[in-house]
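User: I'm new to this one. Can you walk me through it?
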Amino acid sequence: MTKISGLVITYNEAKHIRACLESLWQVCDEVIVIDSLSSDDTVAIATELGAKVYSQAFLGYGPQKNYGVDHCQHAWVLSLDADERLEADAISDIQALDLANSAYDTYAFRRKNLFHDKWIRCTSWYPDHVRRLFNREKVRFSNAQCHEKVESTAHTALKSHIRHYSYTNYHDMLHKLNKYSTQYALDNATSQRRVSVWSPPLHGLGAFLKNYLLKGGIGCGFDGFTISLLNALGSYLKYAKLLEIQRYKNTGLG
């Protein structure tokens, strides 16, 4: 079997890191942890579990993961977030892959997002395809500060799953939406893309209709409605903050 390097970036992930690394060790020959100066027991747990741990102040999600890729020994890299674990079907699929002769440089998995201790099977939360296994000699992560992804034109999606413990509650979800929308605006502040006063409401409305009607949020009760609403708010805020930067330049977001 082709050897694989596991990769995780962390910051105060003591709650999650053990289960994440234990699942990686089932298919990986080494595990690399890039830690952003955690103050909890993340580093101690990762070291105890045999990971190679490197400390690096946070560079942004894309740059931080590419920094980790540079520390990987093997060509194929399996990158998980600390709050993700491989499910049994993903482990079986990875073990069955002929990576040495693969026509692809990247594999995506279906991600099961858990919220309020249950699998959310609707909205854009499922199937939530994420590219996690890739050949670092051919592709890398984008340098986006958030919503980074492996940039590939030769990718395929497996039907197997990654379990994701996404948000603790609505407060946590709202906090992260605010953070990610700010980062999106900052990432696009210097681009030539212009937004108008219509962009925030149209994108927000579009996101709500897509999640609630097309993606089945209407069938997922109160969680389906609230997730659709918060996704719409996140989309609205991305464009509202970008418009704010373009109009007033200095908003203090950075």
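Analyst: Start with two helices: α6 and α7 are roughly antiparallel to each other, because their angle falls in the class over 145 degrees. Helices here are DSSP runs of H or I, at least four residues, numbered from the N terminus. This is a predicted model: local features need pLDDT of at least 70, side-chain atom pairs count only at pLDDT 80 or more, and totals for chains, interfaces and linings use all residues. Residues are numbered from 1 along each chain as its sequence is written, and side-chain values use heavy atoms, with hydrogens and water left out.

User: At what angle do the axes of α6 and α7 cross?
Analyst: Roughly 155°, and the axes come within 7 Å. Axes are lines fitted to C-alpha atoms over the stretch in contact, with angles from 0 to 180 degrees between N-to-C directions. Helix α6 covers residues 199-214 and helix α7 residues 221-248.

User: Which residues in α6 meet α7?
Analyst: Among them are P200, F208 and Y212. On the α7 side, the residues include F225, L229 and Y236. Contact means heavy atoms within 4.5 Å.

User: New topic. Is S23 buried or exposed?
Analyst: S23 is buried, with a relative accessible area of 5%. Buried means under 20%, using a 1.4 Å probe and protein chains only. S23 lies in helix α1, residues 17-24.

User: What is S23 in contact with?
Analyst: L80, R85 and L86, leaving aside neighbours within four places in sequence. The C-alpha atoms of S23 and E87 are separated by 8.1 Å, though these residues are 64 apart along the chain.

Notes. Parallel < 35°, antiparallel > 145°, perpendicular 65-115°, else oblique. Buried < 20%, exposed > 50% of the residue type's maximum accessible area, 1.4 Å probe, protein only.
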